[in-house]
Amino acid sequence: MKTLLNALALLGAVALAVAPQAATITVKGSDTMVILAQKWAEVYMTKNPGVKIQVTGGGTGTGFAALQNQQTDLCNASRKIRPKEIETCIKAFGKRPTEHRVALDGLSVYVHSDNPVQELTLEQLEGIFTGKIRNWKEVGGPDAPIILYSRENSSGTYEFFKEHVLKGKDFAATAQTMPGTAAVLQSVAKEKNGIGYGGAAYGVGAKHLNIRKTSADEAVEPTEENVVNGKYPISRYLYIYVNPALEKGDVAAYLKWIRSDEGQAVVKDVGYFPLPAGLRSK
């Protein structure tokens, strides 16, 4: 009997030794996408207990650096990859990273909930964030100084805003740099004269402004309909980039799920906007 028990114990130990370990997928990059990436991971791991997904932020630039250094499987990005970053990836692992559009965002401009200003033009936004416009009375608000909140320069949202709103000009030196979109929103929610920008999913505690492309155009709210049809003037895709050599097995299955109807339902739950049906995985 003792011999039989010992044999069973040995078999159990062998079974544990050969049991497959949970696959781990690492995700790094955009702070704008952190809450979305964490929710994707949470839902997917619940349905696929054999997969472990580790999500960290740090900014889009940090994510691309990790991808180039082969320190992450997936890079979350709130802007498109730049030519120099592509070149570095090709030098590192011999191929151009695969780009996946995974959601839509209406990059929103936030002010304190008590601010009477309801809308701004892109030209006014450029003037405010470059320091040409310094008082709210210049754009129809109270006689009070405008307090600027921005993102750090490793942020894809910072780069997108600089390129598409400031037309490449530098932010005003008075702009206070915040470590993430959540920090921008917290600051604006507390500062009655503040203004900041960030992803559509981060609007709790402040209010977003409607944006006019020009003074002659209508003011457009960053709703799903206006973002999907391109009417909202600061719309963008959110991306995941991956080394093509890693896009197989669990990584490929996870990426396909993210772009499926189920994965895109998570996008909407979080507060971003799902991909049009034609861009989803079947």
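I looked up E126 and found it buried, with a relative accessible area of 8% (buried is under 20%, exposed over 50%, partly exposed in between, with a 1.4 Å probe and protein chains only). The model is predicted, with pLDDT of at least 70 needed for local features and 80 or more for side-chain atom pairs, while totals for chains, interfaces and linings use all residues. Numbering runs from 1 along each chain as its sequence is written, and side-chain values use heavy atoms, without hydrogens and water.

I then checked the partner of E126, which is K167, in a salt bridge with the closest N and O atoms 3.7 Å apart (a side-chain nitrogen of Lys or Arg within 4 Å of a carboxyl oxygen of Asp or Glu). E126 sits in helix α5 (residues 122-130) and K167 in the loop between α6 and β8, so the pair ties together parts 41 residues apart in sequence. Helices (H or I, at least four residues) and strands (E, at least two) are DSSP runs, numbered from the N terminus. K167 is exposed at 62%.

I noted the backbone of K167 as well: its phi is positive, near 55°. Q70, also not a glycine, has a positive phi of about 55° and is found in the loop between α3 (60-68) and β3 (74-77). Most residues other than glycine have a negative phi.

I searched the whole structure and got 17 salt bridges. E119 and R212 form a salt bridge at 2.7 Å, N to O; E119 is in strand β6 and R212 in strand β11, 93 residues apart. R151 pairs with E152 at 3.1 Å; R151 is buried at 1%. I also recorded a network of salt bridges linking R79, R82, E85, E159 and E163.
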